[in-house]
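Please take a careful look at the model below before reading on. The paragraphs that follow lead through its strand pairing and its aromatic contacts.

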Amino acid sequence: MIEVRVPDEQEGTKAVVRAWLKQIGEEVAENDPLVELETDKVTQEVPAPAAGVLAEIVLRTDDEAVPGALLARIETDATQPAVRPEPVEGLSSSSPPAEEKQGFDKLSPNGGGETRLSPSVRRACLQNGIDPSRIQGTGRNGRVTREDVDRAVASATVVSVGEPTTAQPRQFSAQDIPHDRMRLAIAENMTRAVSDAPHVTAVFEADFSAIAAHKAAMTARGTKLSYTAYIVKAAAEAMAVAPAINGRWEQDRIAVSPTIDIGVGTALGEKGLVVPVVKDAGSLSLEQIGARLDDLTRRAREGKLERSDVSGGSFTISNHGVSGSLLAAPIILHQGQAAILGIGKLEKRVVVREIGGQDAILVRPMAYVTLTIDHRVVDGHQTNAWLSRFVEILENWQQP
């Protein structure tokens, strides 16, 4: 027997079994997708480690899947035929066939294709009174996924939910957005972060003139860089003046991370956001950081991030200004971190600068920058020292 286990991951991300893609008794080839795991950030397919027959499923749909937990066992003896349950004549509706008990229902969707339903999809269809055969599946081989059901629910007009139990009946409309597992996990994490850590926010302002000039010069040389790459680089360098910013609260100490691993919030539209991590950013050049960010952002939007890409961060950046926000405070801390940097919208503003001993009114590209901290870990002096150094690096960026 070959054991199938939950992949090891770094700290933080909790996974659950989303759906089994194979049934007990079904033959599998090595590296065939076997089961889907889902966290608050990514969905991951676990492949079969060897060819054989799926002999046992240990963790069912919606079970928590901790790193290293046993998921299933595969029988690799090729002489043993796949065992498939035979239908029993006269079986009542209260006793579903063994195949359904192992995790899938059968249906005959329009257009053919994959005909299995995972338990979470089946349950969602029953709860919302939806015929799954009328849903166009977007999963592997046309399989109906939970997201397909959620979209079908969202596109419905009004769904009756029975007799009201309060003065105002509860109704669903086309504007309602059903919770998916990612949204529920985000809500849980945000609530826990606010209740565990006392949040305090400091606000500075940064002049991006030097960055804009450097960025234009690099583009002219054929190297395109985003403002986020500069922000990550400056944040990593600023850690030298206040190392606790790169730490976390422990019951017996403040644990400072030996490497600067910076997560960058990346919006996924209606699906929320993920925070891919630039690992060991303190050792990378500006160009290397830019390349890492391009790769992580592309894979995030394609849904191809691995769990290792979104775990292990020691500090986080929220570049909320890209969507038009001038200032956001407090920005909720990422669980297990001491600080999060917020970058507001970059816009031209009138500022006063001293030139040759005289005050001058200038127009400069400016942005509000905030640092929200866990006040158990970091005090105001450290917060302001870090922000002062961060702004100094941005405003005095050396030209190439």
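In this predicted model, three strands make up an open sheet whose order is S2-S4-S5, with antiparallel pairing. Strand S2 (16-20) and strand S5 (43-47) are the edge strands, each of them pairing on one side only, and from one strand to the next the twist averages 30 degrees. Between S2 and strand S4 (residues 33-38) the antiparallel pairing runs over four bridges, and within this part of the sheet Val17 has Leu37 in S4 as its bridge partner.

How many aromatic pairs does the model contain? With ring centres required to lie within 6.5 Å, the count comes to four aromatic pairs. One of these is formed by Phe208 and Tyr227, whose ring centres are 6.1 Å apart and whose planes stand at 75 degrees, and because planes over 60 degrees apart count as edge-to-face, the pair is assigned to that class. Phe208 belongs to the loop between strand S10 (199-207) and helix H5 (209-220), whereas Tyr227 belongs to helix H6 (residues 227-238), so this contact ties together parts that are 19 residues apart in sequence. The two partners can also be described by their accessibility: Phe208, at a relative accessible area of 2%, is buried, while Tyr227, with 28% relative accessibility, counts as partly exposed. Tyr227 has a further neighbour in Lys215, which lies over the face of the tyrosine ring at 5.2 Å from the ring centre.

A second aromatic pair, that of Trp386 and Phe390, is stacked, with 5.3 Å from centre to centre and 10 degrees between the planes. Both residues lie in helix H8 (residues 380-395), and because they are four residues apart there, about one helical turn separates them. Is Trp386 buried or exposed? Trp386 is buried, its relative accessible area being 0%, and Phe390 is likewise buried, with a relative accessible area of 0%.

Key:
Residues numbered from 1 in each chain as written. Predicted model: local features only at pLDDT ≥ 70, side-chain atom pairs only at ≥ 80, totals over all residues. Heavy atoms only, no water. Phe/Tyr/Trp six-rings, centres within 6.5 Å; stacked < 30°, edge-to-face > 60°. Helix = DSSP H or I, 4+ residues; strand = E, 2+ residues; numbered from the N terminus. Buried < 20%, exposed > 50% of the residue type's maximum accessible area, 1.4 Å probe, protein only. Lys NZ or Arg CZ within 6 Å of the ring centre and 35° of its normal. Pairing = 2+ DSSP bridges. Axes fitted to C-alpha atoms, helices over the stretch in contact; angles between N-to-C directions.
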